[in-house]
Each structure stands twice: as structure tokens, then as C-alpha cells.
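Dear colleague,

Please find below the structure that I am handing over to you. My findings follow directly after it.

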Amino acid sequence: MMLLLKLPLLMAAVLSLGLATSFSPSASKGREYYEQRGEVVWEVPTDRKVIALTFDDGPHPVHTDHILKLLKQYDAKATFFVVGNRAAKYPELVRRAAMEGHEIGNHTYTHPYFNRNRHTETMRRELSDTHDAIFRATGQPPHLFRPPGGYYNEAVVHMAKQSGYLVILWSWDQDTNDWRSPGTGRIVRKVLDHDHNGDIVLFHDFVEGRTQTVDALRVILPELKQRGYQFVTVSELLSMRKSVPVKKP
Ligand SMILES: [Zn+2]
């Protein structure tokens, strides 16, 4: 009982420390449960030398433009989890990203954290309004959903599934924390010290204040390319999953 009472306080503490993107405290079942059911994806086991770069919270008229130019320079495809109201404001950027071969995912309309009891209808509207904004911009329906802050629970997973979405998080050791502007070097090291086949790397193309993401990418992209990686969209990565051999009885 005491623990239950303390949980909201703990959660508030976690949030105030700005660690929200690294935790999913509201998940009632563990990672294994959702991973085995194929309902939430953190990374994709594969033999191929591929990596999926993802950018959340945009589009941003300056940063997204810089990132798109860099991606093109290194022949890299990525996935942008856009916030609906920003996609509605900058549809030409969303369209351009899609035209240049990148994938567009849904990151809700107003970026609420689904870490407390939200009305299912509110969550559904957050998804459907963003779905419409992406479809208007690109003519293509998105299939991937990334809940803000990585907060998920059974209700969120169920609602996403019902709306035709797969929940995509990120490799836990590939959370660059770039939204906190930790220094370009730290962002770079986070990615380059932990690279694995099938990783999903978390960046942000919208950051409050000064962004270090673009400078970090100038180092990360050539180095990973040098190491032999191909940069693919999350959907491409999902199609490269290593097949698990069927056990004979
Ligand atoms: Zn976000």
C-alpha cells in the first residue's frame, strides 16, 4: 500500500529529473511479454549490418531541413516520428521527407504522456488527428506509433493496435538524450560506443533551445557508414528480422 502511494511521487521525481524518455514505469507487463507478442519493438535482431535512425517531435523548419540534407549526403534513410500539430503546420517538410525515402511515424498530435489514466477516446483522437495530418501531407497512411516519452501500457498498446499501428520504442542503449543538449561529444559516444545490428537509435529533430543533434550526426553518419552499416527505415528493419529456427519436438 505504501509503495502504491509513493509511486506517483516517484514518477513525479523521475519526470522532474527529466528522465522520462528512459523509462516506461506505467507498463504493467514486462518488456518480454510485449516483445514475444510482437506488439512493442525496441530493436530488431538481424544478421544484416543495418541500423534505424529515428527522429522525434518534429518537423522543425531549420533542424529537419539540416537533417534531411545530411541524410541525403550519406544515402541514409530514417524514420521521423512527427507530432501532428507540427506536421499540420509544416506539411511540406513531411512531404519532402517521405519523397526522399524516409518513413513517417505517428507521435501523437499534442505530445501528451500516456503515463496516467487518459481517456481512450483522447488517446485515439491524438492518433487519428496525426494520422490525418500525415496522410494529407504525404498521401500515405503511417503504420508506426511511438508514444511520447516511451510511456506505454496495455491500454496504449491495445488502442494503437486497434488503430492499425505497431508501437516502436528504441534500443535502451541508443537513447542519445539529445533533447537535453548533453554535448555533441556525448551524443556521438552514446551511439558509436553501443552500435549493434538492428539497433533503433533515438534522436530528436525538434529540441527546445540549441540543438546538438545535427553536429553529432556529422560525426555519427560517416563513422557508422565506415563501419559498414546501412541506414534503413524502421519498416525496412522490421522486414530484416532474423528468423528464429522452429524447434523440432
Ligand atoms: Zn517526443
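At what angle do the axes of helix H6 (residues 120–138) and helix H7 (residues 154–162) cross? In this predicted model, the two axes come within 10 Å and cross at roughly 45 degrees. The crossing of H6 and H7 is right-handed. On the H6 side, the contact is made by Thr-120, Met-123 and Arg-124; on the H7 side, Ala-155, Val-156 and Met-159 take part. Sorted by class, the contact of H6 with H7 has 4 nonpolar, 1 polar and 1 charged residues.

I turn next to helix H9.

Helix H9 covers residues 213–226, a total of 14 residues. From its first C-alpha to its last, H9 reaches 20 Å, close to the 20 Å expected at 1.5 Å a residue. The buried residues of H9 are Thr-213, Val-214, Ala-216, Leu-217, Ile-220, Leu-221 and Leu-224. H9 is followed by Gly-228, which has a positive phi near 100 degrees.

The peptide bond from Gly-58 to Pro-59 is cis, and its omega is near 5 degrees.

Thr-108 is not a glycine, yet its phi is positive, at about 75 degrees. This residue lies in the loop between strand S4 (103–106) and H6. Is Thr-108 buried or exposed? Thr-108 is buried, because 23 other C-beta atoms lie within 10 Å and 20 or more are required for that label.

Ser-181, likewise a residue other than glycine, has a positive phi near 45 degrees. Ser-181 is located in the loop between strand S6 (166–168) and H8. With 16 C-beta neighbours inside 10 Å, Ser-181 counts as partly exposed, since that class lies between the limits of 12 or fewer for exposed and 20 or more for buried.

Yours sincerely

Key
Residues numbered from 1 in each chain as written. Predicted model: local features only at pLDDT ≥ 70, side-chain atom pairs only at ≥ 80, totals over all residues. Axes fitted to C-alpha atoms, helices over the stretch in contact; angles between N-to-C directions. Helix = DSSP H or I, 4+ residues; strand = E, 2+ residues; numbered from the N terminus. Left-handed = near helix turned anticlockwise from the far one by under 90°. Contact = placed C-beta atoms within 7 Å. Nonpolar A, V, L, I, M, F, W, Y, C, P; charged D, E, K, R; others polar. Expected span 1.5 Å × (residues − 1).
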